[in-house]
Structures are given as structure tokens and as C-alpha cells.
Amino acid sequence: MAERDAAGAGGAPLTHAQRAARARWQARWNLPIIVAAFLPLVIASPETRVLDVVVGLGSWVVFIVDLVVQRRIDPRYLHRRNGRIDLAIVLLTFPFYLFPGVTNGVALLMLARLGRVARVLVATTGIRRFAKRLGKVAVVAAVVVVVASLAAYRAEHPANDEFANVGDAFWWGIVTLTTVGYGDIVPETTAGRVAGIAIMFTGLAVLGVLAGSLASLFHLDRDDDDAAVGDAASQAPGPVHEQLTALGRDLEAMQARLAVIAARVRDEGPDTADTPP
């Protein structure tokens with residue numbers, strides 16, 4: 001998507017150095033953007049007006065910093081599609097609620113923040129790998145929860161009032177999968193406990209894959225050696241096709257020189273043959 005945007009109505013495509021700089025910046029700033037978008041939604045409360053204002057301003061500043069840095073990397077960023085989207089989101093998320101009497105537009109503010117998160121995720125190349133990797137695990141986890149919950153319901157329902165219906169069994173299965181463990185529904189039979197153990201191990205696997213996928217998505221699992229290799233690669237001259245083009249020009253120049261030398265040898269050959277020893 002970033003490549004198409006770079007070659008779109010905004011003008012010429014980004015250079016290799018600009019693409020590398022944008023990749024490094026997004027790796028550092030995607031997580032703060034997501035936090036800045038969701039945090040105001042989590043802490044919003046009429047009793048914490050001062051905290052709401054501070055967090056709202058802080059999240060808006062995060063969006064501003066990203067827009068400024070993106071424009072410094074690409075001077076024509078605001079002429080491109082993603083740049084126009086980011087500018088619109090910055091304008092829409094401006095904390096108008098700081099002004100006295102302005103209380104409308106809260107829903108639009110929330111949608112704009114969530115739209116910023118969506119744009120970041122779509123523009124991130126690792127999100128496809130993240131969705132693909134997590135999708136397979138989610139399917140397996142869903143199958144385990146359904147089968148184990150039904151098995152627990154069949155074993156627990158006759159003797160355990162907490163498994164009054166299938167909905168209670170599924171509630172217990174989901175709570176067990178997420179390792180929350182409210183304790184409001186507890187299996188008493190051996191079969192029900194075995195089903196619970198199966199869901200517990202599945203939940204641990206899901207959380208492990210989720211943590212690893214998020215770390216890979218936000219480049220939190222890169223050590224110093226990997227970072228050094230990435231920086232060295234980003235400083236390498238040009239993409240592969242540019243290097244091949246330069247090599248082709250060098251070969252053509254070498255062929256031209258060899259042709260000149262061959263012509264001189266042909267011209268000097270007869271004279272050399274007639275020269276007496």
C-alpha cells in the first residue's frame with residue numbers, strides 16, 4: 001500500500017533512502033500512535049476531567065509529531081493519499097472540548113482516532129503476517145473451546161448447577177481460555193476438569209503466539225545485532241535492480257573498450273607480420 005501511495009497522485013515514487021527512513025520511523029512510532037488512539041477511550045470519565053484533558057492533548061501531540069516527521073521524510077507527503085488522511089485525522093482530533101461550551105463531536109473524535117489506528121495497521125507490512133499467523137491459532141482455539149465446553153456441559157450439567165445451560169458452559173470456556181479465571185463457574189467432575197485443562201493449555205498457546213506476533217509487528221523483539229544489521233541494510237546503496245542497472249552500464253563500457261582494443265590489434269596485425277626479425 002505504501003508503494004502505491006508513493007507512486008500515486010503525490011508525484012514521483014519515494015527513493016530508497018526515504019523508504020528506509022519511513023520504515024525505521026514507523027517501527028518506532030506505530031505503537032505510540034495506537035496507544036494514543038486507545039488510551040483516551042479507556043480513561044474517559046466525567047470524574048477525571050483534568051486527566052482527560054492531559055491525555056487528550058498528549059494523544060493529539062503524538063499525531064502531530066508523526067505528521068511532521070512523515071513530511072520531513074517526504075516533503076510531498078501532504079500531497080499523497082496517506083498524508084491527506086493523516087492531516088484530516090489531526091484536524092478532526094483537535095481537542096475542541098477544551099473550549100467552554102463545546103461538548104459535541106465526541107463520537108466523531110473517537111472515530112477519527114480509531115481511523116488513525118486503522119490506517120497505521122493497513123500501512124504496516126507486518127500486519128498481514130500478524131493476521132495470517134494469529135488467524136490459524138484463533139481457528140484452533142475456537143474449535144477447542146467449542147468441543148471442550150460442550151464436553152464439560154454434558155459431564156457437569158446433571159450434577160453441577162453452575163452449568164445450567166450451554167451458554168454457561170461457553171462462558172466458562174471463554175473465561176478459561178483467556179486465563180482470567182473469575183471462578184464463578186467451576187467444574188466438579190473429572191471429565192469437566194480435563195476439558196478445562198485442555199482449554200487452559202490452548203489459552204497459554206494463544207497468548208504466547210499473540211505476544212510474539214505483537215512483538216514482531218512492533219519490532220520489539222529485535223536485539224542490538226539485528227538492529228545493526230537492519231541499519232547496515234538500510235544504508236546499502238540502492239535496491240537490487242538499481243545495482244544491476246549500474247553493473248550493466250559497467251559491462252557495456254568494458255565491451256566498448258575491448259572492441260577498441262580488438263580493432264587496434266587487427267589494424268596493427270599485418271604491419272607486425274611484415275616486420276623482419
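Which residue just after helix 7 takes a positive phi? In the predicted model examined here, that residue is Thr 179, whose phi is about 60°. The surroundings of this residue are described below, after an account of the chain as a whole.

The secondary structure of the protein chain consists of ten helices and zero strands, and the order of elements along the sequence is accordingly written α-α-α-α-α-α-α-α-α-α. Of the 277 residues in the chain, 29% are buried. When contacts between residues at least 6 apart in sequence are considered, 66% of them join residues at least 24 apart. The chain exposes about 17400 Å², of which 67% is supplied by carbon and sulfur atoms.

At the start of the helix, a side-chain oxygen of Asn 165 comes to within 3.1 Å of the backbone nitrogen of Gly 167. The buried residues of helix 7 include Ala 169, Trp 172 and Gly 173, and they also include Val 175, Thr 176 and Leu 177. Just after the helix, as noted at the outset, Thr 179 adopts the positive phi of about 60°.

Thr 178 lies 28 residues from Val 206 in sequence, yet the C-alpha atoms of Thr 178 and Val 206 are 8.7 Å apart in space. Val 206 is itself part of helix 8, which covers residues 190–217. Its relative accessibility is 19%, and Val 206 therefore counts as buried, given that the cut-off for burial is under 20%. When neighbours within four places in sequence are set aside, Val 206 is in contact with Val 137 and Ala 141.

A further feature concerns the surface of the chain. Leu 244, Leu 247, Leu 251, Met 254, Leu 258, Ile 261 and Val 265 form a nonpolar surface patch, and together these residues have about 700 Å² of accessible area. One of them, Ile 261, is found in helix 10, which runs over residues 240–274. With a relative accessible area of 48%, Ile 261 is classed as partly exposed, because the exposed category requires a value over 50% and the buried category a value under 20%.

Notes. Residues are numbered from 1 along each chain as its sequence is written. This is a predicted model: local features need pLDDT of at least 70, side-chain atom pairs count only at pLDDT 80 or more; totals for chains, interfaces and linings use all residues. Side-chain values use heavy atoms; hydrogens and water are left out. Buried means under 20% relative accessible area, exposed over 50%, partly exposed in between (1.4 Å probe, protein chains only). Helices (H or I, at least four residues) and strands (E, at least two) are DSSP runs, numbered from the N terminus. A polar contact is a pair of N or O atoms within 3.5 Å; within protein, one must be able to donate a hydrogen and the other to accept it, and residues adjacent in sequence count only if both atoms are side-chain atoms. Contact means heavy atoms within 4.5 Å. Accessible areas come from the Shrake-Rupley method with a 1.4 Å probe; for residues, only the protein chains shown count as cover. Patches are made of residues with over 30% relative accessible area and no salt bridge: like charges are joined within 9 Å, nonpolar side chains (Val, Leu, Ile, Met, Phe, Trp, Tyr) within 5 Å. A salt bridge is a side-chain nitrogen of Lys or Arg within 4 Å of a carboxyl oxygen of Asp or Glu.
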